[in-house]
Amino acid sequence: MNFRQIIFPEIEKIEINVRCRISNYFAEKYGVLGYLEADNFVNVKYHQEFLKDVHEEIRRNSKAPFVKNFRMNYAGGMLPIYALVEVFSFGTLSKFYKNMKNPDKKAIAKSFGIGYTYLESWLESISYVRNICAHYGRLYNAKLSKTPMLYKEYSEAGIGNNRIFGVLLCLKHILKNDNHWNMFVDKIEILFDKYENVDITTMGFKENWKALLENDK
């Protein structure tokens, strides 16, 4: 439980950050209602499913003041993308990014200094871990069914992608400019010291895990 509570705020940072970057980029290139056009995406079927998800998210958030405002006071009542992303689940956000055209995905990923194929994989895996945290699931000794694509240096070091440590490495690279990241790593170390009988290797942690996880900044 303590481990889950430490990780969840870091995932929230990523969710908010990615949400802002995607909505700003998309609105600037395709317009605030560009998400309604299938031509702005790769897969028409996925776009139709996305619109169904959006409709459901808006319905569930229909009483939110900003949703009521746009639906009542703007022509057509459609939410612009910068407002719509506020009702996106992380899963919907991940699917939205996955269905963007490659040049668009590259532009978003470049702002993080990450290749777009990696970011696409990471967002899907992080979304999965987020749901585990949100539903009080277990991260200790758990095998992840949504696994991230790891950098070659990690794979060659014997780090698996089906345990939480692999996902934490992905978080590190997305949050590499976050001055508080190393404080998060310290919290993990304190937690492990508190529960010294816990076998952290069952979560994919290596002996030099702290050096691997810390940012240079």
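**Rings, helices and loops**

Author: We can begin with a charge and a ring: in this predicted model, the charged end of Arg-21 sits over the ring of Phe-112, and its distance from the ring centre is 3.9 Å.

Reader: How many aromatic pairs are there, and of which kind is the pair of Phe-192 and Phe-205?

Author: Counting ring pairs whose centres lie within 6.5 Å gives 20 aromatic pairs. For Phe-192 and Phe-205, the ring centres are 5.1 Å apart and the planes stand at 85°. Since planes over 60 degrees apart count in that class, the pair is edge-to-face.

Reader: Which parts does this pair of Phe-192 and Phe-205 tie together, and how many residues apart in sequence are they?

Author: Phe-192 belongs to helix α10, while Phe-205 is in the loop between α10 and α11 (209-213). The pair therefore ties the helix to that loop, across a separation in sequence of 13 residues.

Reader: Are Phe-192 and Phe-205 buried or exposed?

Author: The cut-off for buried is a relative accessible area under 20%. Phe-192 has a value of 12%, and Phe-205 has 2%. Phe-192 is therefore buried, and Phe-205 likewise counts as buried.

Reader: Where does Asn-182 lie, and which residue's backbone nitrogen does its side chain reach?

Author: Asn-182 lies in helix α10, which covers residues 181-194. With a relative accessible area of 19%, Asn-182 is buried, because the cut-off is under 20%. Its side chain reaches, at 2.9 Å, the backbone nitrogen of Asn-215.

Reader: Which aromatic cluster includes Tyr-35, and is Tyr-35 buried or exposed?

Author: Tyr-35 forms one aromatic cluster with Phe-26, Tyr-30, Phe-41, Phe-50, Phe-88 and Phe-96. Its place is in the loop between α1 and α2 (44-60). At 1% relative accessibility, Tyr-35 counts as buried.

Reader: How far apart in space are Tyr-35 and Pro-65, and how far apart are Asn-2 and Ile-188?

Author: Tyr-35 and Pro-65 are 30 residues apart in sequence, and from C-alpha to C-alpha they are 22 Å apart in space. Asn-2, which is placed in helix α1 (residues 2-30), counts as partly exposed at 25% relative accessibility. Asn-2 and Ile-188 are separated by 186 residues in sequence, and their C-alpha to C-alpha distance in space is 9.4 Å.

Reader: How do the axes of helix α7 and helix α9 cross, and is the crossing left-handed or right-handed?

Author: Helix α7 (residues 116-134) and helix α9 (residues 164-174) have axes that come within 10 Å and cross at roughly 120°. As α7 passes α9, the crossing is left-handed.

Reader: What is the phi of Tyr-136 and of Asn-141, and are they buried or exposed?

Author: Although Tyr-136 is not a glycine, its phi is positive, at about 60°, and Asn-141, also not a glycine, has a positive phi of about 55°. Tyr-136 is found in the loop between α7 and α8 (152-156), and the place of Asn-141 is likewise in the loop between α7 and α8. At 67% relative accessibility Tyr-136 counts as exposed, whereas Asn-141, at 33%, counts as partly exposed.

How values were computed:
Residues are numbered from 1 along each chain as its sequence is written. This is a predicted model: local features need pLDDT of at least 70, side-chain atom pairs count only at pLDDT 80 or more; totals for chains, interfaces and linings use all residues. Side-chain values use heavy atoms; hydrogens and water are left out. Helices (H or I, at least four residues) and strands (E, at least two) are DSSP runs, numbered from the N terminus. Buried means under 20% relative accessible area, exposed over 50%, partly exposed in between (1.4 Å probe, protein chains only). A polar contact is a pair of N or O atoms within 3.5 Å; within protein, one must be able to donate a hydrogen and the other to accept it, and residues adjacent in sequence count only if both atoms are side-chain atoms. Rings of Phe, Tyr and Trp (its six-membered ring) pair if their centres lie within 6.5 Å; planes under 30 degrees apart count as stacked, over 60 as edge-to-face and the rest as tilted. A charge sits over a ring if NZ of Lys or CZ of Arg is within 6 Å of the ring centre and within 35 degrees of the ring normal. Axes are lines fitted to C-alpha atoms, for helices over the stretch in contact, and angles run from 0 to 180 degrees between N-to-C directions. A crossing is left-handed if the near helix is turned anticlockwise from the far one by less than a right angle, and right-handed if clockwise.
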